[in-house]
Every structure is written in structure tokens, then in C-alpha cells.
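Hello,

Here is the structure I promised to pass on to you. Have a look at it first, and then read on for what turned up in it.

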Amino acid sequence: MPVNSSLRAELTLEADVLVIGGGPAGAWAALTAAREGARVVLVDKGYCGTSGVAATAGVGHWAVPPDETLRGEAMALRTRLGGFITDPVWQARVLDETWRRLEELGRAGYPTSRDDAGGSVLRIGQAPHYMRFMRGLVQRAGVSILDHSPAFELLADPEGTVAGARGIQRQKRRTWEVRAGAVVVATGGCTWKSKSLGGDVNTGDGQLFAAEVGARLSGMEFSSFFGIVPKGTSMDKNGYFGFATFTRDDGSPIEGQLFGSRAPLLKASLDGGVYAQFDRAPEHLRPVMRAAMPNFFMVMDKIGADPFARRFAIDFVLEGTVRGTGGLRVVDSECWTGVPGLFAAGDTASREVIVGGATGAGAPNAAWAVSSGTWAGRAAARHGQLVRGRRADLVGTGGAGIRPAHGAAGAKGAWRELLRAVQAETHSIEINVFRTDERLRRSLAALDGLWRGARTSIGGELDEQLRVRECAAMIAMARWSYASALVRTETRAMHTREDYPATDEAQQHRIVSGGLDDVWATVDAAEGPCERLAS
Ligand SMILES: Cc1cc2nc3c(=O)[nH]c(=O)nc-3n(C[C@H](O)[C@H](O)[C@H](O)COP(=O)(O)OP(=O)(O)OC[C@H]3O[C@@H](n4cnc5c(N)ncnc54)[C@H](O)[C@@H]3O)c2cc1C
């Protein structure tokens, strides 16, 4: 069992590269590593190709043709929305790499259709097709895929170099261990199991694994993104709300910056009902909209609402760092975490360099998954092949949720209480969106208590162990988020401080965080102020 490093795993594999997570970031990492000649194993908590956010949600990519003006405009927009803490060098690299790799998809046989001018275009917005196609490419490249096989912890050698991971195979009810020269964590962001589309597998596991071996995080204050859902559903496809008029119970319009920061909408939701109607969608576009996002309209039909003709009640669902920004801080252009042997990709890694503190959903996030996956996979392949054949005693590095800190194990089923309690601190719009020093400190104190609980809880059955470990990761993610939010004493992009409503020029920097029992957050001294980025 993973909880006890002295027990043998029931399935043991060797590889040059282990990729943990099989969403777009993990798929691109595995594909790239395999094409570099590495022996690659990919493990996923669910089924690679249908699990995770992208496969369920549908994705548009930040695919801007290689035209200086177009790209300059795209980058400037993201810089402005993101609060001027982006990095133009990274933005340009992501645009370049994404364009190249998507072209490659076309050459690999991804179906194309005709645009208005009769040209051939890739339509990868239908993510179930895209992810199924990616799975096929990954398999044909020779990658071994273990589905329904969540990782629990990383393995490291005596020098602290990451050299594999352990986990369980849920369907086969057995444990696995993969010894690998390098590891890419691509486990996605964290939605704190809010039931947002595809997001319940995204519990921050990879961020916790990485922090346990000393990696740091960045931008965790930008973790408070809430998606819009038709009330009573979990359909958080939000692309069309740009065409919406929003109103209160009494029909009065809600004013302010509605689609970007969403703070006025979220504020109104605290006082009563909030409604939307896509009345600003041009008539001729309406059938096209329906065809382009069938899952959204299937839900609308089911609840008997015509979003163009009548207003419908909406609600909000926490999408956390999936549509937010924070994650592992990468320290070089290859998405290295700074811990030997460990690389990060996709939502697991901070995206501040391309979108700052604003959401990158709707395009940059998917592009980040493609490009960071490519870079991490390539670097991991090089590193993994270099150390091939070197043998060492490996130890499991996981703590909270799998190895009780003080000898005592928690009660069976204790994870349910942990989950309920961490959700009470994170799902609350009052605490998570409208932040104040007092609310953040109160919440952090509660979360510290939960962390102590997770440090002494382990589940009995394999599935229960998984739940406890997920809770530990969600608690850790919440503590890094709120510790970072306390340090940023201003309002910038999605980070809203009620007690500091203005943006402070002096805080045009990034915030790093980390730690396990003692969580910390501070200004990123290595990065310094981002003034060269100001427009
Ligand atoms: C409703 C919605 C719509 C969106 N639309 C867009 C869009 O149009 N454009 C855009 O750019 N972005 C969009 N986004 C964001 C985008 O989907 C994500 O940024 C993208 O999916 C990230 O890819 P990923 O591979 O990092 O993570 P994911 O796609 O979430 O994949 C993570 C994978 O890791 C696995 N995993 C988790 N924990 C473990 C573990 N312990 N062991 C093994 N495996 C594990 C999961 O099962 C999952 O398969 C949207 C998000 C949402 C919520």
C-alpha cells in the first residue's frame, strides 16, 4: 500500500518519464517525450481522453496566426486584463509553440472543416474529439497508459531527485509504482470539488506532491474564479455570457465590469437572484451558437429555457485555479519546478506569465496546456534518458493523508468532514471573492486546523485513502491561496480585497508561496517588480 513504503507495490514499471495526469497538458507532455525517444508511462485518475476539465468542457485555443500586429494585440489585451504582471517573452513563446503544435495536429490527421473563405481550418473546440484524438496519438507513440490510476505521492532518491511515483489502480484494486528518470506533474488545477464541468478530479494533487519535495507556487491569490451556471445545473460553459444582459430579481440591470472580474455579479448574488438573457446575440448568429456549443443548449432545453427569448436564473460555481491562474512556479523555460527531476505543465503550473491575474479561459489556458506540456515533456525526456539505468533506493515523499504525522490514524470516513469543512472555506463567495484581512485570517486559522486533521488521517480502503489524500491537497491549496491573498494588499485582476479596493502600482509583482505545516507567502524577490511589462 502506498501508505507504507516497506510494502511492495503490486504493479511495478520502469520508465524514463512518468507523466501524472492525462488532460491536454499531460497528453502533449507524454507525446513529446515519447517522440524524443523516451520510454513513457502516463497515469490518470480517470480515463485519459475523457477525464479532466478539457475533455468535458470544450476548448478554444489561443491560436493567433504568426502576424506581428495580431499577436501584439493579443498579448497587450492579456497583459491589461491580467493586471500588468505578465511576461511578453513567455506570451510570445506560447503563441509560437501552440501554433506550431496545432498545425502538427492537422498533419497528423485531425479532421478539418472549411472556413467562410473556403480555407481549411482545424476545429478543436469540440474537446471530446480533441482529447480522444490525443489519446490515440499518445498510444501510437508508444506511451503506456494506466487509466483509473491516481498517483498518491512522488518517489525520490537519497539526494532528493524525483524518480517516480506511487498510486493505486482503482478498478484492479491494487497498488502501482513507476520508477522513472523524470516526472511531469499535469494533474490540473483545483476546483475544490465544486462540481464544475469535469473538475472534480482536479483537487490540487500535483501541487501538493511537488510542495512535499520543496517546490514553490506562484499567483495563488488568483484562485477565486467562479463560473456561471444556469441555476440548478453544473453547465459552466461561459462563452456566450458576453452576449448577456444581467438583471436582479426586480428586473433592474446589474452594472459594472460584468464579464471580466465578475465582482458586480457575484456581489448581486449575495443580495438575491441574478438572471441572464442572451439578448445581445445577433439574430443570424443564434443557430450557429447552438450548433457550436451543443452541451450548453442541451441543458437549456432540458430545463425548458430559451436563453435568447427570456431571462433565466443563474448561479455560480467555483472553478478555482482551473479558470484562475495560480500554481507551481516554473523556474525556467522548460517548465522545471526547481526540484531535480520534476517538471510541471498545464493548470498545475502558474499561468501568470501569460495571463497575469485574470482568467485565461476561452483560449490562453488551452494554449498553455499545449505549450507547457510540450516543453516539460521534452525536458523530462532529456533528463530521464540521461539518468537511465542509475539505480537508487527510493522513498515515498507523501505526508498528509497517507502517512499519519503523530502515529494516530483518523477515523474511517473522516474525509467527508474534511471535505465539507474545506469547501465551507473555499466555496463561500463572501470569503473567497470579497476578501478582507479579517476574513482571510479567520479562514486560514480554520484551514490550519483542517491541515492538522489531514496530517493524522489515513483512510483504510484504497478508495478511502484517495479521498483523504485529495482532501489534504485541497486544504493545502486553500492555505497557499489565502496566505498569498493576505500578502497582496490591493485589488488586481480577479483578486478582490474589500479592505484595499484600489490597485497599488507598488504591488506590480508576483507573490510566491509554499510550505506544508508552516505555510508562507511573500513577494517574488527573484522576479522583482514587473514594471518593464507596464504598457
Ligand atoms: C467549463 C470550462 C470551460 C473551459 N473552456 C476553455 C476554453 O474554451 N479555452 C481555454 O483555453 N480554456 C478553457 N478552460 C480551461 C481549460 O479547460 C484548462 O485550462 C485545461 O483543461 C487544462 O488542462 P490540464 O491538462 O492542465 O488539466 P485537465 O484537463 O484538468 O487534466 C488533468 C488530468 O489530471 C488527472 N489527475 C488529477 N489528479 C491526478 C492524480 N493524483 N493522479 C493521476 N491523474 C490525476 C485528471 O484525471 C485529469 O485527467 C475551461 C475550463 C472550464 C472549467
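Predicted model: local features only at pLDDT ≥ 70, side-chain atom pairs only at ≥ 80, totals over all residues.

**The ligand and its surroundings**

With that cut-off in hand, let me start with Lys45: one of its polar backbone atoms is 3.0 Å from a nitrogen atom of the ligand. Ala25 also uses its backbone, with an N or O atom 3.0 Å from an oxygen atom of the ligand. Ser51 comes in through its side chain, where a polar atom lies 2.7 Å from a ligand oxygen. On its own the ligand has 1000 Å² of accessible area, and the protein covers 99% of that.

How many residues surround the ligand? There are 41, and the closest are Asp44, Ser51, Asp205, Asp347 and Ala366. Sorted by class, this shell holds 17 nonpolar, 15 polar and nine charged residues. Four helices each supply at least two residues of the shell: H1 (24-35), H2 (52-57), H10 (320-323) and H12 (364-386). The largest share is that of H2, with four residues.

**The nonpolar cores**

Now to the inside of the protein. The largest nonpolar core has 151 residues, and Ile20, Trp62, Phe241 and Phe246 are those with the most contacts inside it. Helix H16 (residues 462-487) gives this core its largest share, 14 residues. There is also a second, separate core of five residues, with Phe152, Ile402, Leu462 and Leu466 among them.

Is Arg101 buried or exposed? Its relative accessibility is 5%, so Arg101 counts as buried. Beyond neighbours within four places in sequence, Arg101 is in contact with Trp28, Thr32, Arg35, Val370 and Thr374.

Arg71, in helix H3, is another one to look at. Arg71 counts as buried because its relative accessibility is 9%. Its contacts, again leaving out neighbours within four places in sequence, are Val64, Pro65, Pro66, Leu95, Asp96 and Trp99.

Trp451 belongs to helix H15 (residues 437-455). With 3% relative accessibility, Trp451 is buried as well. Not counting residues up to four places away in sequence, Trp451 touches Leu208, Ala400, Ala472, Ile475, Ala476, Arg479, Leu516 and Asp517. By contrast, Leu386 is 65 residues from Trp451 in sequence and 38 Å away in space, C-alpha to C-alpha.

**A few spots in loops and at the surface**

Phe84 is not a glycine, although it has a positive phi of about 60 degrees. Phe84 is placed in the loop between helix H3 (68-81) and H4, and is partly exposed, with a relative accessible area of 23%.

The other is His148, with a positive phi near 50 degrees, again in a residue other than glycine. You will find His148 in the loop between strand S5 (144-146) and strand S6 (151-156). At 22% relative accessibility, His148 counts as partly exposed.

Last, take Pro287 in helix H8 (residues 286-292). Why does Pro287 count as exposed? The cut-off for exposed is over 50%, and Pro287 has 52% relative accessibility, so it counts as exposed.

Key
Residues numbered from 1 in each chain as written. Heavy atoms only, no water. Near = heavy atom within 4 Å. Polar contact = N/O pair within 3.5 Å; in protein donor to acceptor, adjacent residues only side chain to side chain. Areas by Shrake-Rupley, 256 points an atom, 1.4 Å probe, with all protein chains shown as cover. Nonpolar A, V, L, I, M, F, W, Y, C, P; charged D, E, K, R; others polar. Core = buried A, V, L, I, M, F, W, Y, C linked by side-chain atoms within 4.5 Å. Buried < 20%, exposed > 50% of the residue type's maximum accessible area, 1.4 Å probe, protein only. Contact = heavy atoms within 4.5 Å.
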